[in-house]
Amino acid sequence: MTRSGRRSSNTSRHGRARIPASCSSRYPLQLLTPHCKYSFHTQGDGKDSFLLNIEDHRVKVEGYYYWIVRLNVADAKARGIAKNDLVKVFNDRGAVICAALPTQRLPRGVAHGYESSAIYDPMGEPGKSVDRGGCLNLLTPERTQTKSTHSLAGANSLVQIELWDRRIEHMSAAFAVLERDMEIKRT
């Protein structure tokens, strides 16, 4: 809101910051990451337990159990994605490799993956490579709900999903800034 009480052009009618058009065009899918229904954070995920036999929990592809990301059937078809294809879910914060599950249960433009994978398994140098453990929290905002707590603000983020091209390199924006700063210090 402006001092005169008018809504500024960069906020919604609810006073929330608007998402820049450049961001929503690069990352057209809203990724929802609620708590998992099969495990409880790291205590109950049981990487070597019966939970791996639950098809909605993880899917074994090429000998590895991948986390599942769900997306609308039309969105998947437009990207050439079929059930259990390995996909790269990414934004400026990072990239995560998941098994795809096209579904009619989600509207177009929305993807869904549970947040509590309890594995961070980078395929190369951390921060400079994709994660294959399903750690979708890498893609969510860092901000907290309020200034006085340490609670997670968002269980959602804007992402792009595409068939994984088997490249493991992916420089997150945070690490790119660190790299630039280190280069400046060296000169």
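Visitor: Is His 112 buried or exposed?

Guide: Buried means under 20% relative accessible area, exposed over 50%, and partly exposed in between, with a 1.4 Å probe and protein chains only. His 112 is buried because its relative accessible area is 13%. Do keep in mind that this is a predicted model, where local features need pLDDT of at least 70, side-chain atom pairs count only at pLDDT 80 or more, and totals for chains, interfaces and linings use all residues. Residues are numbered from 1 along each chain as its sequence is written, and side-chain values use heavy atoms, leaving out hydrogens and water.

Visitor: Which residues does His 112 touch?

Guide: Contact means heavy atoms within 4.5 Å. Not counting residues up to four places away in sequence, His 112 touches Leu 31, Leu 32, Pro 34, Ile 68, Val 69, Arg 70 and Leu 106.

Visitor: In which strand is His 112 found?

Guide: Strands are DSSP runs of E, at least two residues, numbered from the N terminus. His 112 belongs to β6, residues 110-112.

Visitor: In what sense do β2 and β3 pair?

Guide: Two strands pair if DSSP finds at least two bridges between them. Here β2 (residues 58-61) and β3 (residues 64-72) are antiparallel, with four bridges. Val 61 stands opposite Tyr 64 in β3. The two strands form a hairpin with two residues between them, and Glu 62 in the turn has a positive phi of about 55°.
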